[in-house]
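Me: I am new to this structure and would like to learn how to read it; could you take me through a few features with care?

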Amino acid sequence: MTVMRDTVVKALAKVQVQSDENGLIPEYEVLVNLLPVSLLNTFSERIMAAAPPERKAEVEAGLVRAAYECGYHTGCGIITSEIFSDVVMPMVTEDEKDILRGAYAAFTAWGWAKSGIVQLKEAEKMTIRAFDYYEADSGGQGLRGFMLRGLSQAFFDLAYAEPYPDGMDTYICHQTKGLEVGDSYGEFVVVKK
Amino acid sequence: MALKLEFTMDKETCRHSLNGHGVVMHSHHYLALITKLVEDLGDLGGPQILCEVVEESMRKILDDYFLKNSLSSVEDRCRAGVEYFSTFGLGKMHIAGDENGGKVRLTSSHVDEGWTMKWGPHSKPINHLTCGFISAIFSAAFNKPLKSYGTTETASIVTGQPESTFVVTALQ
């Protein structure tokens, strides 16, 4: 058996986070927040718009970095969590490959991106396609999948780089297609840095 | 009256919403790095951009909630704002004030505690997100236009204080 995506999506989609008496959400070894999508997209566009042409790459790198570190640390908490162990791990027969399949099912279930792996060469390259992701609505010009770039890089590092927390920045992710530029899906390619 | 929470999920896209507004989970690593990014982009007005975007986004959500739930008193509106802050996992907020402004305390703070967990204490306040959130609550509670209130963080958990405090001033 390998990871049955629909089963995982259904099970994980039911997970709801709830704040404690201090208004905080400690889950997955981190503090979780729940923010309006409109806030995140508008912020990305405003901060990109504020940068002059020669500094746009710096701002873009900062947005991807925020997603990457969030994905790397929270991702480790997710794939070692009780819910992941209960729902995904019983289906894992191909180690890292299946854990990555489970991770993209989680991305889908938690509303980050309706996405999945279309090509995987272990420890070398991974191609992701996303048929819905919230950053596609940001209204900016050009490719805007900063979050999914960071998350994809993070999960490939978790799967194939040195064990957590020593494997950061081993791989890099490039976005090659985007719903936001008129393509029929977003495409993200992870390769060795 | 407790905040009414209606969580929904679009079956096709799996996007999640709270009370009709799209929401998504991230962690303190994300907000700590976004906060650091705007600090580093101070010459481009980074902190102000974050503050204004939060005020605008939260104002829409609060106005919508007040309308749908017929909240007209300042007390009920402030309470709803404070409860939204906690529901989003941003911490525990306490508001005192009137139409002319006020004082707000945080007895716990996602941004400050997240920054401290990631990098340790900092030398100055950095909670630009909450400044925008507070301005949104005040303008929405008193039916004022956006940018009617200025919010300044005067003490901060990230610098080692037991609470964060914010002074809110009506801008005329």
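Reply: We go through a helix pair and then a sheet. This is a predicted model, in which local features need pLDDT of at least 70 and side-chain atom pairs count only at pLDDT 80 or more, while totals for chains, interfaces and linings use all residues. Residues are numbered from 1 along each chain as its sequence is written, and chains are lettered from A and ligands numbered from 1 in the order in which they are written.

Me: At what angle do α1(B) and α4(B) pack?

Reply: Two packed helices are described by the angle between their axes and the distance between the axes. Helices are DSSP runs (H or I, at least four residues), numbered from the N terminus, and axes are lines fitted to C-alpha atoms, for helices over the stretch in contact, with angles from 0 to 180 degrees between N-to-C directions. Here α1(B) and α4(B) pack at about 90°, with axes 9 Å apart, which makes α1(B) roughly perpendicular to α4(B) (65 to 115 degrees).

Me: What is the order of the strands in the open sheet of chain A?

Reply: Strands are DSSP runs of E, at least two residues, and two of them pair if DSSP finds at least two bridges between them. In chain A, the open sheet of 4 strands has the order β3-β4-β6-β5, with antiparallel pairing. The edge strands, each pairing on one side only, are β3 (113–121) and β5 (171–177) of chain A, and the twist averages 25° from one strand to the next. Strands β4 (residues 125–133) and β6 (residues 186–192) of chain A pair over 6 bridges, and A:Arg129 has A:Glu187 in β6(A) as its bridge partner.

Notes:
Parallel < 35°, antiparallel > 145°, perpendicular 65-115°, else oblique.
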